[in-house]
Amino acid sequence: MQTMLFTVQEINQDPSLLPNITLGYNIYDTCTTPVHSLRATLSLASGPSEDLSHYKCKGASSIPVIVGDSGSTQSLVVASTVMPFKVPMVSYFSSCTCLGNRNEFPAFFRTMPSDVHQARGLAQLVHRFGWTWVGSVAGSDDYGRSGIQAFSEQVSRLGVCIAFTEVIPKVYSRQKILQITEAIRASTARVIVMFAIEGDAYPLIREIVKQNITGRQWIASEAWVTSALMATRENFLSLSGTIGFAIHRGEIPGLRDFLLEAHPFKTPNNIFVKELWETTFKCSFRTLAELKKQWEVASSLKRCSGLEDLNSTYNIYSDVSELRISYNVYKAVYAVAHALHNLHTCEQSRGPFDNGTCANIFNLRPGQLVHYLEGLRFISKSGEEINFDENGDSVAAYDIVNWQGSEEDSVKLVHVGRFDATSETGLELNEKDIVWAGGKTEVPLSSCSKSCPPGTRRASRSGEQICCFDCLLCADGEISNATDSLNCVPCSPEDWPNSLRNECIPKPIEYLSLEDTLGITLTTVSLLGTASVVTVAGVVWYYRRTPIVRANNSVLSFLLLFSLALCFLCSLAFIGEPSTWSCRLRHTMFGVSSVLCLSCVLAKTLVVLVAFKTTLPGHNLTKWFGTLQQILSVLLCTAIQMVTCLLWLLLATPFPVKQTKYYKEKIIYECDLGSVAAFCCVLGYIGLLSCASFVLAFLARKLPDNFNEAKFITFSMLIFCAVWLAFIPAYTSSPGKYAVAVEIFAILASSFGVLICIFVPKCYIILLKPEQNTKKHLMSRTCPKKPIQL
């Protein structure tokens, strides 16, 4: 009120603003209640009650504009009453979003930002510090309800949940206050946002302090964040660290001097100055008889002399360091003055009304001043641009203040940032300057559930808000690399999650390597087999002229040993990282060398049968199956396999491939057959030759001879067939490098079987039983008990 009086006086003394025009005023106390606001409005509508004949006013006198009201609910009452008459209102503290509705309140203006901006700013503040579980408290009026509703709508878009919403009753109810206090105590939310005016919030805060509820981070709206009644040392234990949006602070030069000039004798009709004087100096202007009549203790009060000095005291009244609401009053009065000035300086025939007419400042018609307020734009003495937007609102700018302790054992409001709804940055904070609840420097946590770390995903709880969830580990093959991920992302086929499941890493590539123990073992066995073949070949070569070697066709023996060496060596092509050439060489070399080996065995079996037939009367097959024919038969059988392998390589050549179908967590690097049919043909042909050799050798196993090679061929083919029959199920059930190892084992085992069964007995006789390595011994036969039918 005093700020308004100061501003009116300053305007009246300004020769450049409304020259020769003196502003007047009527002041009504609405007591922050809608009933008194309505009473004041009706008093304005019915005209002034006091005698104004001594004022030098020209023309008809009326109230052209209302500065106020302070509360949103009171402004709604006043605006609803005067809007039909288009009486403009300029409020300095009504922030309800509802008042920005131009259809209902076309003549309402305010120097106070709309709560829609504050709600958006508070939502950004909550989101910035990662609070997802907050409580809310609202006053039971339009300001509180609309403010908390706007805030709830804003934070819900940012993924923040409201743990509870409580409404403070307008009429004090201890039961309701205790209920709200218990809800705050019981809730797991550690951040509480309160939209309420000072008078509504005070009873709740008093109960919070009384019950010693601490550890809550309070977020205050502009209505109480700078309240001197609330920011006291007694409340600081429960409210320490409170942070909130405050009305933009301004400077009003000369205001403090004006405030200190107030004196009840200078303005005897100003009952507020009189009340201020009595409260400040603890005295009374009433007589002793009046005090006794009202049952007041006379000894506790002294009579005011009027000689008391406001300069000798320090209180909220004379403190102009935090001019926020007062600064809004200052701007509101100046806005009215500038609108009246623009109206008064209008040039006839260039006016905004019918036929270019101008308004008469001494006889204003409804709506004329509204026109000038709508287009108002001026620069205040402090350099701030003041104007109203299409909704009658001023620029939305707030200071962000933080309640901190001070050495003077008082509460200090520290400016820690600002919020400007018109700027791109919006919220600006100096986080290092903020002191949080309990005097801590770390940002408090407030969430229904702890954040889900990377490697997990959020799973909502049935029947609860989205902020309450469980953290589930990502499934096999999936990761999440962010906190609170809603879904896990599958890795690519060639990648696999790490142990924490927060990163996809390349899958280990598995193949039968030379560095593996298994690979080294098989390589060693393969080389050992090759060395054994070379050793046997050396022995056979050295004793090539002995009867036992010559009797068993030394050419086929050396060809068989050569094929066995190839079989042992071809297993090396299966070891190591698969490549294009190794994949082509593996099965083709194995197929050709195996067929070459089996062809030699088959030829040797036929040699035994032919030799026996030749000794029978009337048979002379030697000329039809000599050495040349034996070699040609071996080459012919081998050529068939070579042609099959060549067609395989030309039509569907094997190639290296990285398989992911066998294992999820690793890649099997193997050779794709290219054509399963071709592979089956190769194996089938090998099986055909081995079966033919086995059958013929089995039939010739009991032919009378001191060294019947057919018996040893029978055993070798029996081992060969057994190994490869066991190979099939073992190969199909062992994918990856173990399948390759099974195939190598089969090659080595069958090769060793042929080598041992056919050549070890010869070497035994050659080296250890030389007396049996004679033509006489070999030519002697034992007659069979029964003739053998061939």
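Predicted model: local features only at pLDDT ≥ 70, side-chain atom pairs only at ≥ 80, totals over all residues.
# Notebook: cysteines, aromatic rings and a helix pair

Residues are numbered from 1 along each chain as its sequence is written, and side-chain values use heavy atoms, with hydrogens and water left out.

**Entry 1**

I checked the accessibility of Cys-567 and found 3% relative accessibility, so Cys-567 counts as buried. The classes I use are buried for under 20% relative accessible area, exposed for over 50%, and partly exposed in between, with a 1.4 Å probe and protein chains only. I then turned to Cys-645, whose closest cysteine sulfur, in Cys-681, is 10 Å away and too far for a bond. Cys-645 is also buried, with a relative accessible area of 3%.

**Entry 2. Disulfides**

I noted three of them in detail.

I recorded Cys-161 and Cys-467 as a disulfide with sulfur atoms 2.0 Å apart. The angle about the S-S bond is 90°, and the link is right-handed. Cys-161 lies in strand E5 (residues 161-168) and Cys-467 in the loop between strand E16 (456-460) and strand E17 (469-473), so the pair ties together parts that are 306 residues apart in sequence. Helices (H or I, at least four residues) and strands (E, at least two) are DSSP runs, numbered from the N terminus. Cys-161 is buried at a relative accessible area of 4%, and Cys-467 counts as buried at 3% relative accessibility.

I next recorded the disulfide of Cys-346 and Cys-358, with the sulfur atoms 1.8 Å apart. This link of Cys-346 and Cys-358 is left-handed, with -60° about the S-S bond. Both Cys-346 and Cys-358 are in the loop between helix H12 (325-344) and helix H13 (368-374), 12 residues apart. I found both Cys-346 and Cys-358 to be buried.

I also noted that a disulfide joins Cys-491 to Cys-504, at 1.9 Å from S to S. The link of Cys-491 and Cys-504 is left-handed, with -90° about the S-S bond. Cys-491 is in the loop between strand E19 (489-490) and strand E20 (495-497), and Cys-504 is in strand E21 (residues 504-506), so the pair ties together parts that are 13 residues apart in sequence. Cys-491 counts as buried at 14% relative accessibility, whereas Cys-504 counts as partly exposed at 26%.

**Entry 3. Aromatic rings**

I searched the whole structure for aromatic pairs and found 24. Rings of Phe, Tyr and Trp (its six-membered ring) pair if their centres lie within 6.5 Å; planes under 30 degrees apart count as stacked, over 60 as edge-to-face and the rest as tilted.

I examined Phe-265 and Phe-285, whose ring centres are 6.0 Å apart and whose planes are at 65°, so the pair is edge-to-face. The pair links distant parts of the chain, 20 residues apart: Phe-265 is in the loop between helix H9 (255-260) and helix H10 (271-281), and Phe-285 is in the loop between strand E9 (283-284) and helix H11 (288-293). Phe-265 counts as exposed at 53% relative accessibility, whereas Phe-285 is buried at 15% relative accessible area.

I then noted Tyr-542 and Tyr-543 as an edge-to-face pair, 4.9 Å centre to centre with 80° between the planes. Tyr-542 counts as exposed at 63% relative accessibility, and Tyr-543 is partly exposed at 27% relative accessible area.

I also traced a cluster in which ring pairs link Phe-590, Phe-720, Trp-724, Phe-727 and Tyr-731.

**Entry 4. Charges over rings**

I counted a charge as over a ring if NZ of Lys or CZ of Arg is within 6 Å of the ring centre and within 35 degrees of the ring normal. Arg-544 lies over the face of Trp-541, 4.0 Å from the ring centre. The charged end of Lys-658 sits over the ring of Tyr-669, 5.7 Å from its centre.

**Entry 5. A helix pair**

I looked up the packing of helix H16 (residues 554-570) and helix H21 (residues 737-768), which meet at an angle of about 150° with their axes 9 Å apart. Axes are lines fitted to C-alpha atoms, for helices over the stretch in contact, and angles run from 0 to 180 degrees between N-to-C directions. H16 is thus roughly antiparallel to H21; angles under 35 degrees count as roughly parallel, over 145 as roughly antiparallel, 65 to 115 as roughly perpendicular and the rest as oblique.

Conventions. Disulfide = S-S within 2.5 Å.
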